[in-house]
Amino acid sequence: MKKSFCFRGSAAKRIGRTPMADWCVFCDIARRAPASTAVLLYSDDKVVAFQDINPSAFRHYLVIPIEHIPTVKNLQRTNEDHQLVSHMVKVGKDLLSRDAPKSEEHRFGFHQPPFNSIDHLHLHCLALPFIPSWRQVKYTPLGPLGGFIDAEKVLEKIKPETEVYS
């Protein structure tokens with residue numbers, strides 16, 4: 001059976017974070033497990049990046065944290081989470097600048113539950129055009145239903161509140 005989702009146990013058990021999960025295909029990629037065939041385009045101590053196995057655009061990369069964070073719903077208003085997502089976006093921008101310098105439009109964002117296919121946080125980094133063009137539907141915000149959320153909106157939501165001193 002092909003392992004393709006990060007589901008194990010109830011949703012309540014998945015809320016917490018773990019350094020890596022034994023049952024997660026993206027954790028396998030992050031730890032470079034022997035069964036993983038993904039070619040890493042970038043790696044450091046926080047994230048790895050690789051090409052999406054079913055690309056929807058001229059260039060379509062995924063940037064994932066090494067730490068197992070299930071979805072954008074698990075991100076919090078902390079400096080740590082804000083810096084992580086900022087770093088993920090920077091890595092994605094650097095890769096697309098390198099690999100698709102003539103692409104005039106890029107899109108960076110996350111699918112929100114229940115529209116995410118894998119329960120391991122992953123940033124979609126897209127150098128447009130969409131191929132085929134109908135795939136753009138997967139990367140459209142759906143308002144209160146969720147859908148795709150732009151990375152900049154995620155950063156706004158998780159920006160830590162600063163204390164005001166008088």
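**Salt bridges and a buried methionine**

The side chains of Asp94 and Lys90 come together in a salt bridge with an N to O distance of 2.7 Å, a salt bridge being a side-chain nitrogen of Lys or Arg within 4 Å of a carboxyl oxygen of Asp or Glu. This is a predicted model, in which local features need pLDDT of at least 70 and side-chain atom pairs count only at pLDDT 80 or more, while totals for chains, interfaces and linings use all residues. Residues are numbered from 1 along each chain as its sequence is written, and side-chain values use heavy atoms, with hydrogens and water left out.

Asp94 and Lys90 both belong to helix H3, where they stand four residues apart, about one turn of the helix; helices (H or I, at least four residues) and strands (E, at least two) are DSSP runs numbered from the N terminus. Asp94 has a relative accessible area of 41% and is therefore partly exposed, since buried means under 20%, exposed over 50% and partly exposed in between (1.4 Å probe, protein chains only).

The structure holds five salt bridges, and another of them joins Glu161 to Arg77, with their closest N and O atoms 4.0 Å apart. Because Glu161 lies in the segment after helix H4 (151-158) and Arg77 in the loop between strand E3 (57-65) and H3, this pair ties together parts that are 84 residues apart in sequence.

Helix H3 (residues 79-99) also contains Met88, which counts as buried because its relative accessibility is 0%. Leaving aside neighbours within four places in sequence, Met88 is in contact (heavy atoms within 4.5 Å) with Val47, Val63, Ile64, Pro65, Phe110, Leu121 and Leu123.
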